[in-house]
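This report covers helix faces, charge pairing, a surface patch and some loop residues. The sequence and model come first.

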Amino acid sequence: KNKNLKAIICKGKKKILIKESIYRELYRQGCLNFNETGLPPYIDYHKETIERLLEKINPETKQMKRNKEKIKKKKKNQETIQMKKSAEKWEGFGTTLKVKGLNEECIDTFLKIVKTEIYSINKVEKGETYMHINFYNEESAYNTFKLLNYERDENGSEVVMYPECAKECREKKTLNFVIKNLSAGIDSKDLWKIFKKHDVISCKVPQKNGKPIGYGYLTFLNQKNAKKAFLKWNHKEILGKRVNIERLDQLKKKKKVEEKKKVDPKKSVFVENIPKEMDRNSLSLIFEECGEREVVLLLNKDGTHRRKAFINFEKSKSASIALDLNGILLYNSKLRVSKYSKK
């Protein structure tokens, strides 16, 4: 169809198309054999040798070949990068899932949603609460966990899953965080939905009398996703409340430092009934007129304060002035300020 191209037949009866100018050059050199009428001329070379010969005649073909090789290399590099990225997602995830709340009758229908092959299922035995589902590879286990964790089976019971790597991740300091100041309605399932994109493998919101307390624990699969989650959600609002996220090990260190700080009885006061809405800075502002001071809040395990604090002043006069603030009303609660005693 293209008048600028001519057909020739090489060894192995392979038909190739070449430019008319190159065709004339091959004819001039006597490389073409016109044996049968109606058929393209025959050349007594293999396709590879013809390509080399064409490169000598026309340098453009050599450049085109180089460009094709470059494109192929780029494609290969892109494929390898994508493979590495996808492998990073579930690297170290493990091939086993611990499943709680799944009825044995609903196993087949529940797992049909995830189109993956299962290696084996260890059903719940006496004295155990978890069923173990084993997969052929980490990718299948990872995808199942992402899709079906905190979903409900046919009988309506909520299914909770834990991956094989959960124990190891809990032992690593950089993967465990505490999230504070959660709104009253947020439970473990809601926390999972928020941090699901960041490869969180465990979410736990403690409850008291069947109601969430207001803080939770997060464990991530790797440090990269843990950092992303921290940068995205720390000091951000979730359901109208600004949350604080801290590493669990750093929070424990802070608590130890706060408790170890020396207190001078003559220059210190003990403050009780501090409103939950207040933090160390806001409490410090109330005692600003008393003089130079340092506030030491007493903390719980989750990092929230126990509504109690010591305030250390530079001078004993400042401590006596601070006692005058006893009984002031803050957030509908009366602040109790008393002299510090070692008891």
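At 31% relative accessibility, Lys98 counts as partly exposed, where buried means under 20% relative accessible area, exposed over 50%, and partly exposed in between (1.4 Å probe, protein chains only). The model is predicted, so local features need pLDDT of at least 70 and side-chain atom pairs count only at pLDDT 80 or more, whereas totals for chains, interfaces and linings use all residues. Residues are numbered from 1 along each chain as its sequence is written, and side-chain values use heavy atoms, with hydrogens and water left out.

**Surface patch**

Lys98 belongs to strand β5 (residues 96-100); helices (H or I, at least four residues) and strands (E, at least two) are DSSP runs, numbered from the N terminus. Together with Lys167, Arg170 and Lys204, Lys98 forms a patch of positive charge on the surface. Such patches are made of residues with over 30% relative accessible area and no salt bridge, like charges being joined within 9 Å and nonpolar side chains (Val, Leu, Ile, Met, Phe, Trp, Tyr) within 5 Å. Lys and Arg count as positive and Asp and Glu as negative, while His and the chain ends are not counted. The place of a charge is taken as NZ of Lys, CZ of Arg, CG of Asp or CD of Glu. Accessible areas come from the Shrake-Rupley method with a 1.4 Å probe.

In helix α1 (residues 20-28), the buried residues are Ile22, Tyr23 and Leu26. Seen down the axis of α1, these residues fall within an arc of 105°, so they line one face of the helix; the arc is that of the directions from the helix axis to the C-beta atoms. Arg24, Tyr27 and Arg28 are exposed on the face of α1 turned away from the buried side. Gly30 follows α1 and has a positive phi, near 80°.

Helix α8 (residues 223-233) buries Asn225, Ala226, Ala229 and Trp233. They cover an arc of only 105° around the axis, which puts them on the same side of α8. The other side of α8 carries the exposed residues Lys224, Lys227 and Leu231.

**Salt bridges**

Side chains of opposite charge can pair when their charged atoms come close. A salt bridge is a side-chain nitrogen of Lys or Arg within 4 Å of a carboxyl oxygen of Asp or Glu, and the structure holds six of them. Among them are the three in this table.

| Pair | N to O distance |
|---|---|
| Arg152 and Glu158 | 3.9 Å |
| Glu158 and Lys189 | 3.8 Å |
| Lys180 and Glu246 | 3.0 Å |

Arg152, Glu158 and Lys189 are linked in a network of salt bridges. Arg152 is partly exposed, with 48% relative accessibility, and Glu158 is partly exposed at 29%. Glu158 forms a salt bridge with Lys189. Because Glu158 lies in the loop between α5 (138-148) and β8 (160-163) and Lys189 in helix α7 (residues 188-195), this pair ties together parts that are 31 residues apart in sequence. Lys189 is also partly exposed, with a relative accessible area of 22%.

Where do the partners Lys180 and Glu246 lie? The two meet in a salt bridge. Lys180 is in strand β9 (residues 176-180) and Glu246 in strand β16 (residues 244-247), so the pair ties together parts that are 66 residues apart in sequence. Both Lys180 and Glu246 are buried.

**Loop residues**

The loop between α5 and β8 also contains Tyr150, Glu151 and Glu154. Tyr150 has a phi near 65°, a positive value in a residue other than glycine, and is buried at 9% relative accessibility. Glu151 is partly exposed at 39% relative accessibility, and its C-alpha atom is separated by 9.8 Å from that of Leu102, 49 residues apart along the chain. Glu154 is exposed, with a relative accessible area of 60%. The C-alpha atoms of Glu154 and Leu102 are separated by 9.4 Å, with the two residues 52 residues apart along the chain.

A positive phi is also found at Leu239, at about 55°, although this residue is not a glycine. Leu239 sits in the loop between β14 (237-238) and β15 (241-242). Its relative accessibility is 68%, so Leu239 counts as exposed.
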